[in-house]
Amino acid sequence: HRWFLRLSQTGVFERLAHALTLVDRERVGREACPTGCVVDAQAARSDGVGVAGERGYDPARRVVGRKRHALTDTDGRLLVAAVSPADLHDSHGAIALLRASRGLFPFLAHCFADRAYRGERVGTATTITVEIVEPKEGQKGFSVQPRRWVIERSFGWIARCRRLARDHEATPSSALAFFVLAAAMILVR
């Protein structure tokens, strides 16, 4: 377990996922550096018993645990990720992701997001244009949203990893490492 912590602290998993994303984009005939992205957050329920660390309560999702914030390209490959207590609003996580993406993916110009990211705070955080994907007028119940469904699919793929079905990790850094590693494993397959 110590070797895993050492690797996660040195950023090996993030570099691996970054390299795999660039290679996979080129493999399908796209430019290595994306120009469009999708942002969203997923709340993960905490294991609770005997698990220390930063946790929070998200009243909208009725979850005690952590949030996984993700920025994917328009095909669903993970670009940047972060983990926070569940009580952090999605927009604060998006600001951090958009700013972090500038160093890794300098050509990002357009980001698709849901209504949680509406407002001036996210829109002016970087030079990336944030487009809010609204549901159709009069829509009731669930409906697939254009452009946003790719990040939901990515969360679904990553959730297949049993360790990520719930939040079992003691520290946010190890939770992030497993999240990024799961995304990298999807690209390897």
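## Helix packing and selected residues in a predicted model

Helix α1 (residues 2-9) packs against α2 with their axes 5 Å apart and an angle of about 60° between them. Here axes are lines fitted to C-alpha atoms, for helices over the stretch in contact, and angles run from 0 to 180 degrees between N-to-C directions. Helices (H or I, at least four residues) and strands (E, at least two) are DSSP runs, numbered from the N terminus. This is a predicted model, in which local features need pLDDT of at least 70 and side-chain atom pairs count only at pLDDT 80 or more, while totals for chains, interfaces and linings use all residues. Residues are numbered from 1 along each chain as its sequence is written, and side-chain values use heavy atoms, with hydrogens and water left out.

**α1 with α2**

- On the α1 side, F4, L7 and S8 meet V12, F13 and E14 of α2; contact means heavy atoms within 4.5 Å.
- Four nonpolar residues, one polar and one charged make up this contact of α1 with α2.
- In that division, Ala, Val, Leu, Ile, Met, Phe, Trp, Tyr, Cys and Pro count as nonpolar, Asp, Glu, Lys and Arg as charged, and the others, Gly among them, as polar.

**α2 with α6**

- Moving on, helix α2 (residues 12-27) packs with helix α6 (residues 172-188) at an angle of about 30°, their axes being 9 Å apart.
- That angle makes α2 roughly parallel to α6. The classes are: under 35 degrees roughly parallel, over 145 roughly antiparallel, 65 to 115 roughly perpendicular, and the rest oblique.
- The crossing of α2 past α6 is left-handed, the term for a near helix turned anticlockwise from the far one by less than a right angle, with clockwise giving right-handed.
- From α2, the residues F13, E14, L16, A17, L20, T21 and D24 meet L176, A177, V180, L181, A184, L187 and V188 in α6.
- The contact of α2 with α6 divides into eleven nonpolar residues, one polar and two charged.

**α5 with α6**

- Helix α6 has another partner to look at: the axes of helix α5 (residues 149-159) and α6 come within 9 Å and cross at roughly 100°.
- That makes α5 roughly perpendicular to α6.
- F155, W157 and I158 of α5 make the contact with F179, A182, A183 and I186 of α6.
- The residues of this contact of α5 with α6 are seven nonpolar, no polar and no charged.

**The whole chain**

- The protein has six helices and six strands, and their order along the sequence is α-α-β-β-β-β-α-β-α-β-α-α.
- A compact globule of 189 residues would have a radius of gyration near 16 Å, and the protein agrees with its 16 Å. The radius is taken over C-alpha atoms, and the globule rule is 2.2 Å times the number of residues to the power 0.38.
- The C-alpha trace spans about 45 × 40 × 30 Å along its principal axes.
- Of the 189 residues, 44% count as buried; buried means under 20% relative accessible area, exposed over 50%, and partly exposed in between (1.4 Å probe, protein chains only).
- Among contacts with a separation of 6 or more, 62% come from residues 24 or more positions apart.

**Loop residues**

- D114 sits in the loop between β5 (110-113) and α4 (120-123), and its relative accessible area of 18% makes this residue buried.
- Setting aside neighbours within four places in sequence, D114 is in contact with D40, I132, V133 and R148.
- R62 belongs to the loop between β2 (56-58) and β3 (63-73), and is exposed, with a relative accessible area of 65%.
- Although R62 is not a glycine, it has a positive phi of about 55°.

**Helix residues**

- L22 is part of helix α2 and counts as partly exposed at 23% relative accessibility.
- Not counting residues up to four places away in sequence, L22 touches A32, C33 and F105.
- L22 and R55 lie 33 residues apart in sequence and 33 Å apart in space, C-alpha to C-alpha.
- A96, in helix α3 (residues 90-104), is partly exposed at a relative accessible area of 44%.
- W149, found in helix α5, is partly exposed at 42% relative accessibility.
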